[in-house]
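I opened this notebook to record what I looked up in one protein structure. The entries follow the order in which I made them.

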Amino acid sequence: MLPSNEITDGQLLQLVKSSSELAFNVIYDRYWKLLLSIAYNHLKDHVKAEEIVQEIFLDLWARWETVDIENL
């Protein structure tokens, strides 16, 4: 188990690049609500906002080897 409150975003990104499902889960837990809030504020549709946020995380996981994110 990763200490989610003690690990930095940069460390999480490095772990995700090495295919760490636990690190991905920490990123998901850390940013899901924020991204949903942003998407909802733009769309004013909760279902569509959830779908978009889910797609973001699915895309991140699918491209973990090639994605170059410096700042979550």
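**Entry 1: Overall build**

I noted that 26% of the 72 residues of the protein count as buried. Here buried means under 20% relative accessible area, exposed means over 50%, and partly exposed lies in between (1.4 Å probe, protein chains only). The model is predicted, so I recorded that local features need pLDDT of at least 70 and side-chain atom pairs count only at pLDDT 80 or more, while totals for chains, interfaces and linings use all residues. Residues are numbered from 1 along each chain as its sequence is written, and side-chain values use heavy atoms, with hydrogens and water left out.

I then looked up the secondary structure and found three helices and zero strands, in the pattern α-α-α along the sequence. Helices (H or I, at least four residues) and strands (E, at least two) are DSSP runs, numbered from the N terminus. Along the principal axes, the C-alpha atoms fill a box of roughly 35 × 25 × 20 Å.

**Entry 2: Salt bridges**

I searched for salt bridges (a side-chain nitrogen of Lys or Arg within 4 Å of a carboxyl oxygen of Asp or Glu). The count came to three.

Asp9 and Arg30 form one of them, at 2.6 Å from N to O. This pair links distant parts of the chain, with Asp9 in helix α1 (residues 9-17) and Arg30 in helix α2 (residues 21-43), 21 residues apart. I listed Arg30 as partly exposed because its relative accessibility is 30%.

Lys17 is bridged to Asp68, and their closest N and O atoms are 3.8 Å apart. Lys17 lies in helix α1 and Asp68 in the segment after α3 (46-62), so the pair ties together parts 51 residues apart in sequence. Lys17 is partly exposed at 32%, whereas Asp68, at 60%, counts as exposed.

I also recorded a salt bridge between Arg63 and Asp59, at 3.0 Å from N to O. Arg63 is partly exposed at 39% relative accessibility, and Asp59 is partly exposed at 36%.

**Entry 3: The largest pocket**

Which residues line the largest pocket? I found Ile27, Tyr31, Leu34, Leu35, Ile56, Phe57, Leu60, Ile69, Asn71 and Leu72. On a 1 Å grid over the protein atoms alone, a pocket is an open set of points where a 1.4 Å probe fits, with protein on both sides within 12 Å along at least five of seven lines; lining residues have an atom within 4 Å of a point.

The elements that give two or more residues to this lining are α2 and α3. Helix α2 gives the most, with four residues. The space in the pocket is about 160 Å³, a volume being the space filled by probe spheres set on grid points that are joined across faces, edges and corners.

**Entry 4: Two positive phi angles**

I checked the backbone for residues that have a positive phi although they are not glycine. Ser19 has a phi of about 70 degrees and sits in the loop between α1 and α2. Its relative accessibility is 35%, so Ser19 counts as partly exposed.

Lys44 has a positive phi of about 60 degrees and lies in the loop between α2 and α3. I listed Lys44 as exposed because its relative accessible area is 57%.
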